[in-house]
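Subject: Structure for your review

Dear colleague,

Please find below the structure that I am handing over to you. My findings follow it.

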Amino acid sequence: MADSDVNAPGIPDAPDAVPDRPTVDTPAAVAAPAALRPALREGRPVGRQQGMRLLPLQAFIWGSRAMPPQPRTRPDHALIWVIEGRMRLDFPRSHVILRAGDLRHVPAGTAFAAIPAAGTQGHVALISASLAARVQPPLPDRGMAAHVGSHAAQLEATLHELALETAKPDAGTLSCLLNLLSLRLGQLQPGRPPEPAAGAAPDLPLIEAFLALAAQRLGSAGSVAELAADLNSTMGALDQACLAARGKRAVDLIHDLRLERAVDLLRHTQRPTLRIAAELGYSSHAHFIRAFVAATGRTPDAFRAQSC
């Protein structure tokens, strides 16, 4: 499968001719323990039947066509298990890095971007929302982060059986295997804390560039995601940098910039508050007044009168 295919709106179907049994790669020397070696290493989907697809992790790249890909909604559930290497998941307001042994369930309807690092190995199970609705016990509706640990062999075996079943599916057998998969997930240990972005120190050049650009565009309707893209970053990475350096998310720092500029204009000019609201990018005059009162305890007009 070409990278352009897996970045398409939907991951393409597998060819009609699907082997009865996925190839198992058994090299002479493998760094990971035997129980962690993936059974499905082909660079294409194993099958798409009954709303179920199994993919090798290294072939799964998801998100917009931008580079790096931006979060994009999927209509199906994604079960992502990293066996070797690392996998980055970007969400609209955060990002996580999955390491060997980490598993993440991303519910249907969630916007995310997925980027496997070079050499990453693992599995991705894509389960349609209609099929998942019949799974007992139900899949977590808010997602889950888990560490596979000692359950690697059992989970591997269950995915292996699902791979065989998707080649020549039987609805009853597939349903039973998905129920077993859900039970296996319930046995896993909670996931490790998300790994921070590389480097413990905040990305100060990024933050300074962001604040300068945001100050220039206070009156525009540009979003944080657009500002991040113009800085060759992502909204998740920008938020992480802002939180590390300033203790606030990027959108909150923009809010502070607007208020600081509003205070300066109220003190040193006689511009009407309606014009100030428009110049600073507030959605309406009423929005400006509410934000200013929440921050200062006074209306803009009262603040101006008391500052004279």
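I begin with a helix contact: V263, L265, L266 and R267 of α8 meet P300, F303, R304 and S307 of α11. By class, the residues in this contact of α8 with α11 are 5 nonpolar, 1 polar and 2 charged. Helix α11 covers residues 300–307, and its axis and that of α8 come within 9 Å, crossing at roughly 50°. The two helices, α8 and α11, are therefore oblique to each other, and the crossing in which α8 passes α11 is right-handed. Please note that the model is a predicted one.

Overall composition

The protein has 308 residues, of which 44% count as buried. Its secondary structure consists of 11 helices and 11 strands. Among the contacts with a separation of 6 or more, 69% are between residues 24 or more positions apart.

Further helix pairs

Two packed helices are described by the angle between their axes and the distance between the axes. I have used that description for the two pairs below.

Helix α8 (residues 250–268) also packs with helix α5 (residues 204–216): their axes come within 10 Å and cross at roughly 50°. An angle from 65 to 115 degrees would count as roughly perpendicular and one under 35 as roughly parallel; α5 and α8 are therefore oblique to each other. Their crossing is right-handed. On the α5 side the contact is made by F210, L211, A214 and A215, and on the α8 side by A250, L253, I254 and L257. The contact of α5 with α8 comprises 8 nonpolar residues, with no polar and no charged ones.

The other pair is helix α3 (residues 152–167) with helix α4 (residues 171–186), whose axes are 10 Å apart and at an angle of about 160°. Angles over 145 degrees count as roughly antiparallel, and α3 and α4 are therefore roughly antiparallel to each other. The crossing in which α3 passes α4 is left-handed. From α3, the residues making the contact are Q154, L155, T158, L159, E161, L162 and E165; from α4, they are T173, L174, L177, L178, L180, L181, R184 and L185. By class, the contact of α3 with α4 is made up of 9 nonpolar, 3 polar and 3 charged residues.

Residue T273

T273 is located in helix α9, which covers residues 273–279. With a relative accessible area of 9%, T273 is buried. Leaving aside residues up to four places away in sequence, T273 touches L266, H285, F288, P300 and D301.

Backbone features

Most residues other than glycine have a negative phi, and most peptide bonds are trans. The following two sites depart from that pattern.

The peptide bond from Q136 to P137 is cis, and its omega is near -5°. P137 lies in the loop that runs between α2 (129–132) and β10 (144–147).

N232 is not a glycine, yet it has a positive phi of about 60°. This residue, N232, sits in the loop between α6 (224–230) and α7 (235–246). N232 is exposed, its relative accessible area being 73%.

Residue A100

A100 belongs to the loop between β6 (94–98) and β7 (102–106). At a relative accessible area of 36%, A100 is partly exposed. A100 and E84 are 16 residues apart along the chain, and their C-alpha atoms are separated by 5.0 Å.

Cysteines

The structure holds 0 disulfides. As to individual cysteines, C176 is exposed, with a relative accessible area of 53%. C242, by contrast, counts as buried, with a relative accessibility of 0%.

Points to look at in the viewer

- the contact of α5 with α8, with its 8 nonpolar residues;
- the contact of α3 with α4, which includes 3 charged residues;
- the cis peptide bond from Q136 to P137;
- N232, with its positive phi;
- T273, buried in the model, and its contacts with residues including H285 and F288.

Yours sincerely

Definitions and conventions:
Residues numbered from 1 in each chain as written. Predicted model: local features only at pLDDT ≥ 70, side-chain atom pairs only at ≥ 80, totals over all residues. Heavy atoms only, no water. Axes fitted to C-alpha atoms, helices over the stretch in contact; angles between N-to-C directions. Helix = DSSP H or I, 4+ residues; strand = E, 2+ residues; numbered from the N terminus. Left-handed = near helix turned anticlockwise from the far one by under 90°. Contact = heavy atoms within 4.5 Å. Nonpolar A, V, L, I, M, F, W, Y, C, P; charged D, E, K, R; others polar. Disulfide = S-S within 2.5 Å. Buried < 20%, exposed > 50% of the residue type's maximum accessible area, 1.4 Å probe, protein only.
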